[in-house]
Each structure stands twice: as structure tokens, then as C-alpha cells.
Amino acid sequence: MNKQFSEIYLKIYDAIGQIPYGKVATYGQIAEKAGLRGQARLVGYALYSLPDGLDIPWHRVINAKGEISALPDPDWRGIQKGLLEAEGIRFNQNGRVDLKQYRWDSKSKL
DNA sequence: GCAGTGACTAGTA
DNA sequence: ATACTAGCCACTG
């Protein structure tokens with residue numbers, strides 16, 4: 001199971017790891033951090049290929065709408081939602097996160 | 001090596 | 001407000 005990941009993937013994982021607790025980041029932000037700029041799709045692709053066992057807060061990564069894209073499995077979304085709620089992030093009735101409030105400001109210092 | 005696919009985003013109708 | 005289209009690039013078959 002020694003699957004080697006491209007440098008891009010590692011950068012993406014690293015960028016995700018920079019997301020502080022209680023905050024969320026969009027794919028675009030992660031892509032920008034990883035040097036992919038607008039290639040948010042690659043971020044999603046990387047997460048899709050994300051191996052189990054790595055301590056990556058992938059649940060803090062959501063789309064630009066503040067909604068959880070995630071896999072087609074409803075349970076999977078529930079897990080992500082639960083993890084976010086556990087960090088104090090609230091969801092609207094639409095199941096969306098208030099990006100204006102919880103969006104990680106990459107410019108901000110920890 | 002070519003074609004298809006994708007956990008997206010921004011723009012247009 | 002929602003629905004559809006185009007663009008972007010890496011991974012898979």
C-alpha cells in the first residue's frame with residue numbers, strides 16, 4: 001500500500017493542515033495555498049484519493065457555496081457535518097456554513 | 001499517448 | 001434566487 005503521491009497532493013494536504021480549528025476553507029483557497037491557484041478540482045481529486053490514516057482535517061474543506069460537496073454517500077456528508085459541528089461550526093437550515101463567518105482567512109495569522 | 005472524468009469556481013441567462 | 005456553460009489541470013483506463 002505504498003502509494004506514492006505527487007508533490008501536488010502533498011502540498012494540498014499540507015495546505016489543508018494549515019486550516020485552524022473551528023474554521024473552514026474552500027477548495028479554491030486550498031488550491032491557491034498549494035500553488036494550484038484556481039484548480040480547485042485538483043484539490044477535490046486529491047481528497048478523493050486521500051488515503052486513510054493521515055491526520056488531515058479534510059472535513060474543513062468545503063466548496064465556495066459553503067456546502068459540503070463530498071462523496072455521493074449521505075453518511076459521508078453526515079460525518080463531515082458532525083465533525084464540523086464538533087468544532088463549533090453551525091449550519092444553516094440549508095445545510096450551509098456561513099462562509100462570511102467561518103471561512104478561513106489565509107491572510108490572517110494564527 | 002489520447003480520451004474521459006472530477007469532493008470546483010466564476011460567469012451568464 | 002436558481003440553472004446551465006465554459007475553463008482549468010492532474011489522475012485513470
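Two helices, α1 (7–17) and α3 (40–48), each supply at least two residues of the surface near DNA strand C. Here a residue is near a strand if one of its heavy atoms lies within 4 Å of that strand, and helices (H or I, at least four residues) and strands (E, at least two) are DSSP runs numbered from the N terminus. This is a predicted model, in which local features need pLDDT of at least 70, side-chain atom pairs count only at pLDDT 80 or more, and totals for chains, interfaces and linings use all residues. Residues are numbered from 1 along each chain as its sequence is written, chains are lettered from A and ligands numbered from 1 in the order in which they are written, and side-chain values use heavy atoms, with hydrogens and water left out.

**DNA strand C**

- DNA strand C is surrounded by 8 residues, of which S6, Y9, Q39, R41 and L42 are the closest.
- Of the atoms of DNA strand C that come within 4 Å of the protein, 77% belong to sugar and phosphate.
- By class, the surface near DNA strand C comprises 4 nonpolar, 2 polar and 2 charged residues; Ala, Val, Leu, Ile, Met, Phe, Trp, Tyr, Cys and Pro count as nonpolar, Asp, Glu, Lys and Arg as charged, and the others, Gly among them, as polar.
- A polar side-chain atom of S6 is placed 2.5 Å from a phosphate oxygen of DNA strand C.
- For Q39, a polar side-chain atom lies 2.8 Å from a sugar or linking oxygen of DNA strand C.
- R41 places a polar side-chain atom 3.1 Å from a base oxygen of DNA strand C.

**DNA strand B**

- Around DNA strand B there are 15 residues, and R41, Y48, W58, A64 and S69 come nearest.
- Sugar and phosphate make up 45% of the atoms of DNA strand B that come within 4 Å of the protein.
- A polar side-chain atom of Y27 lies 3.3 Å from a base nitrogen of DNA strand B.
- A64 uses its backbone: an N or O atom there lies 2.6 Å from a phosphate oxygen of DNA strand B.
- In the side chain of S69, an N or O atom is 3.0 Å from a phosphate oxygen of DNA strand B.
- The elements giving two or more residues to the surface near DNA strand B are α2 (27–33) and α3, and α3 provides the largest share, 6 residues.
- The residues of this surface near DNA strand B divide into 8 nonpolar, 6 polar and 1 charged.

**Packing of α1 against α3**

- Two packed helices are described by the angle between their axes and the distance between the axes.
- Helices α1 and α3 pack at an angle of about 90°, with their axes 10 Å apart; axes are lines fitted to C-alpha atoms, for helices over the stretch in contact, and angles run from 0 to 180 degrees between N-to-C directions.
- That angle makes α1 roughly perpendicular to α3, a term that covers 65 to 115 degrees.
- Y9, I12, Y13 and I16 of α1 meet L42, V43, Y45, A46 and L47 of α3, where contact means heavy atoms within 4.5 Å.
- The residues of this contact comprise 9 nonpolar, no polar and no charged.

**The H59 and E87 pair**

- H59 is found in the loop between α3 and β2 (61–62), and E87 lies in the loop between α4 (74–86) and α5.
- H59 counts as buried because its relative accessibility is 10%; buried means under 20% relative accessible area (1.4 Å probe, protein chains only).
- E87, at 12% relative accessibility, therefore also counts as buried.
- The side chains of H59 and E87 make a polar contact at 3.1 Å; such a contact is a pair of N or O atoms within 3.5 Å, and within protein one must be able to donate a hydrogen and the other to accept it, while residues adjacent in sequence count only if both atoms are side-chain atoms.
- The side chain of E87 also reaches the backbone nitrogen of G22 at 3.3 Å.
- Leaving aside neighbours within four places in sequence, H59 is in contact with Q80, L83, L84 and E87.
- Not counting residues up to four places away in sequence, E87 touches Y21, G22, H59 and R60.

**W104**

- W104 is located in the segment after α5 (99–102).
- Its relative accessibility is 7%, so W104 counts as buried.
- Beyond residues up to four places away in sequence, W104 touches A15, Q18, I19, P20, K23, V24, A25, Q29 and K33.

Note on methods
Buried < 20%, exposed > 50% of the residue type's maximum accessible area, 1.4 Å probe, protein only. Parallel < 35°, antiparallel > 145°, perpendicular 65-115°, else oblique.
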